[in-house]
Amino acid sequence: MYRTDGTLIGSNDYVAPGTTVRVEAVLQNTNASAGSEEFPLHLKLLGATHSKYPTSGMTVSGDVAASAGQAVTLKGTTENKVTFNAKIDGPAGTAASIGLQLVDDSFGGTYEAGAKLLNEHPLVPGDGTGPGTPGSDWHYTRLPAANENGWNRSPVTVTFYPGDFDRMELTPSEDAGATLTAADPAWTRAGDTAGLSLSAQARKDSTGVLSTQRAGTVKLDQTAPRLSLDPALRTLTADDSAEVASGIWRLHRTGPSGAVGTGAQAGVYKPFDLTDGDGESVQTVANVPNGWYVAEDAAGNLSAPVKVSTTEPPSVERPDPGDPDGPEPAGPPYDPGSDPVPPPTFTEDDGGLRHALIEESVSEMIDPASPPFGGLLEKSEASAMMDYRYAATSAAAPVSVSDELLDAAGNAIASFDTKAPGECLIRRVITDSQGNTTTILLHYSTTRDSCPVIRPLQPKDPSDPSGPKEPGDPLEPTGSVTKNPDGTQSVEVACEVTEAVCHGTMDGPGAEALLRRHFLPTDVDGGSGVTVTVQSMKNASGGGYLRD
């Protein structure tokens with residue numbers, strides 16, 4: 001390709017748009033046996049949509065651009081040069097290429113070829129940190145980069161790096177243009193703007209080469225939105241009204257600090273639709289659960305955190321005793337009128353959810369003849385006891401209920417032995433639809449009766465009946481424990497003693513001495529502070545009393 005004055009144009013040279021050039025195509029039959037044979041042909045221009053050899057960046061004139069093409073005759077292996085005019089019409093710095101087709105007039109065969117006549121001179125952006133050399137691998141930066149919505153929330157600076165080019169012309173739509181050079185390489189937009197258009201093009205002074213033109217937009221919003229709560233309606237309103245506003249993008253749940261991604265309930269609570277990266281100036285969200293919230297605009301500015309704590313944890317009362325569909329009694333009985341549910345204590349987690357704790361202790365005396373829950377408290381029976389004692393309601397229904405049966409140390413157990421004194425813990429957690437909870441800790445214990453214990457005195461050595469003796473296991477009662485009106489308890493045990501005796505009579509002290517020779521009466525804790533009273537005696541046949 002040549003200029004009109006005949007100067008050869010290199011592929012890396014710069015040719016201004018609108019310049020007329022001469023294109024030379026060299027045609028030759030490379031078959032050495034062609035001799036002096038002549039071949040009538042036509043040379044045609046390939047269009048811009050050709051998959052392999054498109055013509056682009058230039059407009060060709062003359063017969064070669066006509067539908068029939070330009071007639072050409074090849075003779076033997078002699079070169080034939082075909083020249084034609086063209087005008088460079090692509091944007092400055094872009095590439096120019098040509099595609100040609102040679103058609104055999106005799107047989108209709110075709111041959112296609114093409115060439116890139118001008119290489120592109122791209123203006124390449126960089127991020128200032130990537131690999132490569134500033135000025136050649138990339139020529140300028142635009143920092144900070146816009147977010148996914150196309151917005152910035154801090155001033156934007158364009159910095160030029162000389163190398164392939166000596167200067168860069170920057171043309172903003174709202175501000176005066178700037179020429180960036182090695183001496184003055186940066187331009188900054190500090191004020192908010194809803195959309196400032198930027199175009200940039202660089203030049204190499206020594207060659208006049210112009211780069212391709214780059215275009216972009218700066219959208220800058222440095223004002224945070226405002227978030228407010230209407231407690232009565234449990235409604236949050238995010239407002240981003242301003243002269244330049246990117247609009248409300250998201251409502252986040254956070255912790256008290258308001259930092260996105262922190263807090264027990266951290267996450268985007270509600271996203272809002274954007275149009276071309278812009279949100280609505282006001283968004284309202286109703287029925288907001290307890291927690292900490294911040295609003296974020298499309299530029300990434302965050303409001304101050306707002307706490308919502310309008311919903312109380314599930315409340316707990318005794319079940320209605322008059323409800324025919326109420327729970328069946330299970331565990332120790334209570335009087336709903338005089339034995340209300342203990343008042344809760346309240347805490348709040350860092351996510352703003354509220355939590356209540358209710359703690360209560362109950363006990364049952366072990367009746368050996370009929371121990372509580374048949375001798376073994378299982379989880380299903382523990383849940384039945386909780387249902388009998390507690391009924392929950394919530395303003396944030398529905399609620400979920402989970403029960404655990406634990407030992408006194410808080411470890412999970414499958415069942416609890418109610419035949420022996422001990423303690424277990426039943427934990428019920430009631431969670432509303434927001435995540436607020438009420439936890440009930442019911443300490444359940446079994447106690448033995450307060451009646452004295454009668455232990456038989458047995459030989460330490462079974463093979464020596466007359467040797468030293470020691471107390472054995474307590475005698476089992478023959479019936480249930482009786483609670484007397486004065487609060488005392490009584491129970492009966494049966495025992496039998498045989499002794500060799502001589503003639504005589506048995507009085508009260510003698511009967512007590514007989515008992516103590518063969519049994520050890522103690523209090524429930526094993527102490528000796530008990531009194532033995534002989535209330536009556538009768539003969540072995542059940543006849544009249546010997547002594548009252």
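Which residue in S6 does Thr20 stand opposite? Thr20 stands opposite Lys87 in S6, and that pair is a starting point for this briefing on a predicted model. In this model, local features need pLDDT of at least 70 and side-chain atom pairs count only at pLDDT 80 or more, whereas totals for chains, interfaces and linings use all residues. Residues are numbered from 1 along each chain as its sequence is written, and side-chain values use heavy atoms, with hydrogens and water left out. The strands named below (E, at least two residues) are DSSP runs numbered from the N terminus, as are helices (H or I, at least four residues).

**Strand S2 and its partners**

- Strands of a sheet pair through backbone hydrogen bonds, either parallel or antiparallel; here two strands pair if DSSP finds at least two bridges between them.
- S2 and strand S6 (residues 80-88) are paired in the antiparallel sense over eight bridges, while two bridges join strand S1 (residues 2-3) to S2, also running antiparallel.
- S2 has a covered face made of Val21, Val23, Ala25 and Leu27, and an uncovered face made of Thr20, Arg22, Glu24 and Val26.

**An open sheet of four strands**

- The order of this open sheet is S9-S10-S11-S14, with mixed pairing.
- Strand S9 (125-126) and strand S14 (186-189) each have a single partner strand and stand at the edges, so one side of each is left without a neighbour in the sheet.
- Strand S11 (residues 156-160) pairs with S14 in the antiparallel sense over four bridges, and within S11 and S14 Thr159 stands opposite Ala186.

**Buried residues and their contacts**

- Thr55, in the loop between strand S3 (38-45) and strand S4 (58-60), has a relative accessible area of 7% and is therefore buried (buried means under 20% relative accessible area, exposed over 50%, and partly exposed in between, with a 1.4 Å probe and protein chains only).
- The side chain of Thr55 reaches the backbone oxygen of Leu46 at 2.6 Å, and a polar atom of that side chain lies 3.1 Å from the backbone nitrogen of Gly99.
- Leaving aside neighbours within four places in sequence, the residues in contact with Thr55 (heavy atoms within 4.5 Å) include Leu45, Val60, Ser97 and Ile98.
- Asn149, in the loop between strand S10 (140-143) and S11, counts as buried at 12% relative accessibility, and its side chain reaches the backbone oxygen of Ala298 at 3.0 Å.
- Thr254 belongs to strand S19 (residues 248-254) and is buried, with a relative accessible area of 0%; among the residues it touches, not counting those up to four places away in sequence, are Trp292, Tyr293 and Asp350.

- A cavity is a set of points on a 1 Å grid over the protein atoms alone where a 1.4 Å probe fits but cannot get out, and a pocket is an open set with protein on both sides within 12 Å along at least five of seven lines; lining residues have an atom within 4 Å of a point.
- The second largest pocket holds about 610 Å³ of space, and of the 29 residues that line it, Val26, Leu27, Leu102, Tyr111 and Ala113 are the closest to its centre.
- The count comes to one cavity of 30 Å³ or more, and of the 16 residues that line the largest cavity, the closest to its centre are Val15, Ile88, Gly93, Thr94 and Leu118.

**Backbone features**

- Most residues other than glycine have a negative phi, and most peptide bonds are trans.
- A cis peptide bond joins Leu143 and Pro144, with omega about -5°, and Pro144 is in the loop between S10 and S11.
- Another cis peptide bond joins Ala397 and Pro398, with omega about 5°.
- Asp276, in the loop between strand S20 (267-271) and strand S21 (282-285), has a positive phi near 55° and counts as exposed at 73% relative accessibility.
- Phe373 also has a positive phi near 55°, and with a relative accessible area of 21% Phe373 is partly exposed.

Conventions
A polar contact is a pair of N or O atoms within 3.5 Å; within protein, one must be able to donate a hydrogen and the other to accept it, and residues adjacent in sequence count only if both atoms are side-chain atoms. Grid points are joined across faces, edges and corners, and a volume is the space filled by probe spheres set on the points.
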